[in-house]
Amino acid sequence: MKNNITIVVLGIASAVAVGCASMSHNDEAALGAKALELMKASFHEQGQAKLDRLDQDEVQKVCSEYNGDRKIPKDVADRLEKAELATIKYPADGKYVGDWKNGERIAQSGVGMQFTDTAGAATGGNCYACHELTKAELAFGTIGPSLYNFGKTRGYTPEVQKYAFGKVYNSEAFSACSNMPRFGHKGILSEQQIKDVVALLMDPSSPVNK
Amino acid sequence: MADPMKIRANMAGDKVEVKVLMSHEMETGQRKDSKGAVIPAWFIQNVTATHNGKTVLSAEWGPAVAKNPFLSFRFAGGKPGDKVAITWTDNHGDKRTDEATIA
Amino acid sequence: MSRINRTVIAALLATAGVALAQQPRSAVEEIERYRAALGDGNPAELWEARGEALWKEKRGPKNASLEQCDLGLGPGVVKGAYTVLPKYFKDTDRVEDLESRLVSCMVSLQGFSPEQAKKDPFGGPGKKVPMDALVAYITSESRGMKMNVQTTHPKEVEAYEVGRKIFYFRGGPHDFACATCHGADNQRIRLQDLPNLRKTSDAQKAYASWPAYRVSQGEVRSFQWRLYDCFRQQRFPELTFVSPASIALTTFLAKNSNGGTLEAPSIKR
Amino acid sequence: MDGGRRRILKGTGGAAVLGLAMAAGLLRTGSAWADWNKAAFDTKSLADAVKAMGGGAPAESKDIAITSPDIAENGAVVPFTIASKVPNTESMALLVEKNPNILAANFQIPQGTEPWINTRVKMGQTSNVIALVKTADGKFYYASKEVKVTLGGCGG
């Protein structure tokens, strides 16, 4: 291992020496391995957050590589989206829309799954952190698009309901390397909670559609 | 033992502008610790500022004053080189006085 | 506030004769006013004063001060030192940021064990720790100076490149990486502006505004704390204080801020 | 905290408990009480606060100015400047309507000191904030403005 690191460092040094901005794939892979090794030694488990949170799945691995100026190739994106689409468990009862009032609470709440949070306690979706949803809430983020009038503009159809459910369940199935968490796939929100968030987006009486 | 205050006193036209930072928790008595026990209130109750022995400001504070309090005020009759002294007393009876020279 | 409420209040104020000087400002403009109003009178000054006293105080088993600590510009040089950190140090044979360098000096000069020196990395309610105060003092001595981090030693190069990988590393239940929130221009989380740390101008402004007095916590927070709490919110495990990954990531971010003027300790939400 | 104090006094009255309460800093002894208007700091409304300060109904005044941002990025620290042009202003107080207790701070302004104060208070939620002025002849005047408190940061 020690020899490997030395080689990596030499590789970097030479790359820098010639003023080369991009590195070869091999250098990147070796650096990635080194970074992971260093991270495993630099974090410790606390509360519900164990070290296995640093073990990346395929989406995390691929999307860590294709970042910033390196855009994900279309074939890789297609492959990822197809695999993620297969993970979505749509409600057995065929109903996608729950209670928008509860959905609003979920959209407001950012608690859950941090090492300071109680394990197993109800988690939020924190939708407002990244999205505009209603006109009443001024403190909304802009990492994601505005979802104001989501149902009103797209139509209150079963197809849009199903899409909204799937998107919240696993965003990577529709847009590879999206920044949005895979709320259903990763067990952040329950099926009922996702239905409630869908209601916030799709219920005609929800403030999102006012 | 409380930390010293940070006091600035500068001429602003014909008046002295005083700015003071105090080191204090200003605990409201409404918060709970991680075990659910109420953290007792602990806050500055009285602040007095004097210039040449004369009181130029006195204040009563409740726990709603922000942690590590900041206070600024202006008074007439001071000149560079004069001393401004500030004293605070908290609800534990702890007390601290610091002094600054008008610049 | 609803539009109706605003109108009612505007009417009330108008009745009271307190004329609204301007048209209602946007939320972002109001937040700017909020920040500006706090700028004058930063409680971080209380930490700076405490840190300066601690720097000169004889402490530890060797009953020595930190005044001979080499922070990167030679023993005892405090002014400007923060602008060259993180940096490779020959005596410890590794790259160190300010906090890890202070730990090294507490060990070598004052005779503390590494465990003792690292025991209380961050302050909290009713708990003042030397590290926060020392960090506030030392950074304040570089205020107004330009960041100037060099990666000439191979270990500095390695720290920078590994730090870059960590910046883009997605993990945890939410798939978050540093880049999730800090990889694009002009984004906000809730009302907070998110600097794009891939871009020089944003990186300069962001890095050079730490450490900071956080009004929400009433504490001066170091850059080690900034990373610690970002990773907490990323749902990662707990970042170990002055760990190699934290120093590597700091090297990446600090170097990207080169040329930026240090405006720290600052005051933040 | 004051609610707690009353509970202890009414609920037990035992000397040992009182001793403990004192040790815990819930109660205070000594003369400092004299120049701290506990009754006023216990009130929940503007009318009660003025009453506790020995006044009658306060009148709204255009000669009082409150300067602050309309939106606070964090309720833990909200900066305010209050200024009075009311003749013979003797004291100025800052009140936050929706805080657990309305009165935040009260400043005595002697002759020669400008009726102008800049300080920072905590706000638990979006609320009206009131600047209350007492004149030398014992009359009370006020002005108010709403300040919104937002949820900051990542919300987690």
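## Exercises on the contact between chain C and chain A

In this predicted model, 28 residue pairs are in polar contact between chain C and chain A, counting pairs with both residues at pLDDT 80 or more.

**Exercise 1.** Work out which elements of chain C give two or more residues to the side that touches chain A, and find which gives the most.

*Solution.* Start by walking along chain C: the elements are helix H7 (154-167), helix H8 (178-182), strand S3 (187-189), helix H10 (223-233), strand S7 (238-239) and helix H11 (244-256). Next, look for the top contributor: H7(C) gives the most, with eight residues.

**Exercise 2.** Describe the extent of the contact, in residues and in buried area.

*Solution.* First take the residues: chain C brings 42 and chain A brings 59. Then turn to the area: about 4500 Å² is buried between the two chains, and carbon and sulfur atoms give 59% of it.

**Exercise 3.** Count the salt bridges between chain C and chain A, and check the pair A:Glu65 and C:Lys165 against the 4 Å cut-off.

*Solution.* The count is six salt bridges. For A:Glu65 and C:Lys165, the closest N and O atoms are 3.2 Å apart. The cut-off is within 4 Å, so this pair is a salt bridge.

**Exercise 4.** In which sense do strand S1 of chain A and S7(C) pair, parallel or antiparallel?

*Solution.* Strand S1 (residues 43-44) of chain A and S7(C) pair in the antiparallel sense, over two bridges. To place the strands in the structure, find A:Phe43, which stands opposite C:Leu239 in S7(C).

How values were computed
Residues numbered from 1 in each chain as written. Chains lettered and ligands numbered in written order. Predicted model: local features only at pLDDT ≥ 70, side-chain atom pairs only at ≥ 80, totals over all residues. Heavy atoms only, no water. Contact = heavy atoms within 4.5 Å. Buried area = accessible area lost by both parts, 1.4 Å probe. Salt bridge = Lys/Arg side-chain N within 4 Å of Asp/Glu carboxyl O. Polar contact = N/O pair within 3.5 Å; in protein donor to acceptor, adjacent residues only side chain to side chain. Helix = DSSP H or I, 4+ residues; strand = E, 2+ residues; numbered from the N terminus. Pairing = 2+ DSSP bridges.
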